[in-house]
Amino acid sequence: MQNLASKSALIRTEKQLIQKAVDLGRELRGSIKELGDTVKAQGERIDTLSQVIVN
């Protein structure tokens with residue numbers, strides 16, 4: 001027995017997959033930005049502590 005998808009079902013699935021990829025990309029970019037902000041903040045803390053140690 002074969003189960004064949006209709007053209008409309010395939011198109012609907014394609015649209016869902018594309019939307020999911022878009023959503024995941026947006027989420028990934030947000031996570032990367034958050035990590036970048038964290039790294040920058042930690043770098044600033046290190047710079048401040050380095051200055052304290054030097055003085």
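Mentor: Let's start with Ser 6, which is found in the segment before α1. This is a predicted model, where local features need pLDDT of at least 70 and side-chain atom pairs count only at pLDDT 80 or more, while totals for chains, interfaces and linings use all residues. Residues are numbered from 1 along each chain as its sequence is written, and side-chain values use heavy atoms, with hydrogens and water left out.

Trainee: Okay, and what does the side chain of Ser 6 make a polar contact with?

Mentor: With the side chain of Ser 8, at 3.2 Å. A polar contact is a pair of N or O atoms within 3.5 Å; within protein, one must be able to donate a hydrogen and the other to accept it, and residues adjacent in sequence count only if both atoms are side-chain atoms. Ser 6 is partly exposed, with a relative accessible area of 37%. Buried means under 20% relative accessible area, exposed over 50%, and partly exposed in between (1.4 Å probe, protein chains only).

Trainee: How many helices and strands are in the chain?

Mentor: One helix and zero strands. Helices (H or I, at least four residues) and strands (E, at least two) are DSSP runs, numbered from the N terminus. Helix α1 covers residues 7-54.

Trainee: What does the C-alpha trace span along its principal axes?

Mentor: About 80 × 20 × 5 Å. The radius of gyration of the chain is 24 Å, whereas a compact globule of 55 residues would have one near 10 Å. That radius is taken over C-alpha atoms, and the globule rule is 2.2 Å times the number of residues to the power 0.38. Buried residues make up 4% of the 55 residues.

Trainee: Can you give me some distances along the helix?

Mentor: Lys 40, in helix α1, is 24 residues from Gln 16 in sequence and 36 Å from Gln 16 in space, C-alpha to C-alpha. Val 52 also has its place in helix α1, and its C-alpha atom is separated by 60 Å from that of Arg 12, 40 residues apart along the chain.

Trainee: Back to Val 52: buried or exposed?

Mentor: Exposed, with a relative accessible area of 57%. Lys 40 counts as exposed too, at 57% relative accessibility.

Trainee: New topic, then. How many salt bridges does the structure hold?

Mentor: Two. A salt bridge here is a side-chain nitrogen of Lys or Arg within 4 Å of a carboxyl oxygen of Asp or Glu. In general, side chains of opposite charge can pair when their charged atoms come close.

Trainee: Which residue does Asp 23 form a salt bridge with?

Mentor: Arg 26, with the closest N and O atoms 3.3 Å apart. Both lie in helix α1, three residues apart, which is about one turn of the helix. Asp 23 is partly exposed, at a relative accessible area of 32%.

Trainee: And what about Asp 37 and Lys 33, how do their side chains meet?

Mentor: In a salt bridge, 2.9 Å from N to O. Asp 37 and Lys 33 are separated by about one helical turn because they sit four residues apart in helix α1. Asp 37 is partly exposed, with a relative accessible area of 41%, while Lys 33 is exposed at 54%.
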